[in-house]
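Keep the viewer open as you read.

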Amino acid sequence: MSRPLLAILRRDIALLLLGGRRGGATLPLLFFLSVAMLFPFAVGPDPVLLARTGGGVIWVAALLAAILPIDRLVEPDLDQGMFDQWALRGISEEAVMGVRILAHWLSFGPPLMLAALPAAALLGLDGDTLRIVEIGLLAGTPGLAALGVMVAALTAGLRGGAALGGLLVIPLAVPLLVFGAGSLAVGGTSGLALCGASSLVLLAIAPFAAGAAVRNGRG
């Protein structure tokens, strides 16, 4: 990675992790843990039920947590003319979007994987289930990051773009959710493989789709 892209990566990670008044990475993390804490109250204290459904709850919480910063992924830089400045320096929109996907994943993926440990304890998941959940999150959260950045670029500049982006991400993320949660079934290694494959497809497509959307927005 070139020095300008490394500088952009450091900037993006700092903005997404800290986030100023919007809480940065703390808000998705607290949201994720809140879902894990509240779910046992909603369905009751039955340990068998919690163990059977807890992994799916973690996946749903991860999806919703990934959506929370969608309004900070593209639109602020588009409004401030940052993409114009990068273009003048010969940095393509696709390269910037690729870096943005990496920064978005680093700001929520590893923290959510760490937060899955106390969440698993709250939901009564055993060690084997937790291991599959962690592997699934490692395979699936990069796809969620790519999807979030792509949708953020497509909806940047639109009125109510953040809400619209969230509504678009949810149905598009269904394959990741189905394969990730499905990996918790007996013999679910194929679910992990499909989840990883879906992530790779999104990672391959998202920088180009997001870059094209940003170029259209600049024009």
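## A buried aspartate

D12 has a relative accessibility of 3%, so it counts as buried, the cut-off being under 20%. Before going further, note that this is a predicted model. D12 sits in helix α1. Setting aside neighbours within four places in sequence, D12 is in contact with V99, R100 and A103.

What does the side chain of D12 make a polar contact with? The partner is the side chain of R11, at 3.0 Å.

How many salt bridges does the structure hold? There are six. One of them pairs R100 with D12, and their closest N and O atoms are 2.7 Å apart. This pair ties together distant parts of the chain, with R100 in helix α6 and D12 in helix α1, 88 residues apart. Are R100 and D12 buried or exposed? Both are buried.

## R215 and its two glutamates

With E93, the closest N and O atoms are 3.1 Å apart. That pair also links distant parts of the chain: R215 belongs to helix α10 and E93 to helix α6, 122 residues away. E93 counts as buried because its relative accessibility is 7%, while R215 is partly exposed because its relative accessible area is 37%.

R215 forms a salt bridge with E94 too, and here the closest N and O atoms are 2.7 Å apart. E94 has a relative accessible area of 18%, so it is buried, the limit being under 20%. Elsewhere, salt bridges with shared partners join R11, D12, D77 and R100 into one network.

## The nonpolar core

Now for the greasy part. The largest nonpolar core has 62 residues, and those with the most contacts inside it are F32, I58, V74, F83, M97 and L137. The elements that give two or more residues to this core are α1 (3-18), α2 (26-43), α3 (47-67), α5 (82-88), α6 (93-123), α7 (127-155) and α10 (189-218). Which of them gives the most? That would be α6, with 14 residues.

L112 is found in helix α6. With 2% relative accessibility, L112 counts as buried, because buried means under 20%. Leaving out neighbours within four places in sequence, L112 is in contact with P28, L29, F32, A62, A65 and L137. F32 and L137 are also among the residues with the most contacts inside the largest nonpolar core. For a sense of scale, the C-alpha atoms of L112 and A152 are separated by 21 Å, and the two are 40 residues apart along the chain.

S107 also lies in helix α6. S107 counts as buried because its relative accessibility is 5%. What lies 2.7 Å from a polar atom of the S107 side chain? It is the backbone oxygen of H104.

## Out on the surface

Time to look at the outside. M37, L38, F41 and L122 form a nonpolar patch on the surface, and together they have about 470 Å² of accessible area. α2 gives the most to this patch, with three residues.

G127 lies in helix α7. Is G127 buried or exposed? Its relative accessibility is 55%, so G127 counts as exposed, the cut-off being over 50%. G127 and L117 are 10 residues apart in sequence, and their C-alpha atoms are 9.9 Å apart in space.

Technical notes:
Residues numbered from 1 in each chain as written. Predicted model: local features only at pLDDT ≥ 70, side-chain atom pairs only at ≥ 80, totals over all residues. Heavy atoms only, no water. Core = buried A, V, L, I, M, F, W, Y, C linked by side-chain atoms within 4.5 Å. Buried < 20%, exposed > 50% of the residue type's maximum accessible area, 1.4 Å probe, protein only. Helix = DSSP H or I, 4+ residues; strand = E, 2+ residues; numbered from the N terminus. Polar contact = N/O pair within 3.5 Å; in protein donor to acceptor, adjacent residues only side chain to side chain. Salt bridge = Lys/Arg side-chain N within 4 Å of Asp/Glu carboxyl O. Patch = residues over 30% accessible without salt bridge, like charges linked within 9 Å, V, L, I, M, F, W, Y side chains within 5 Å. Areas by Shrake-Rupley, 256 points an atom, 1.4 Å probe, with all protein chains shown as cover. Contact = heavy atoms within 4.5 Å.
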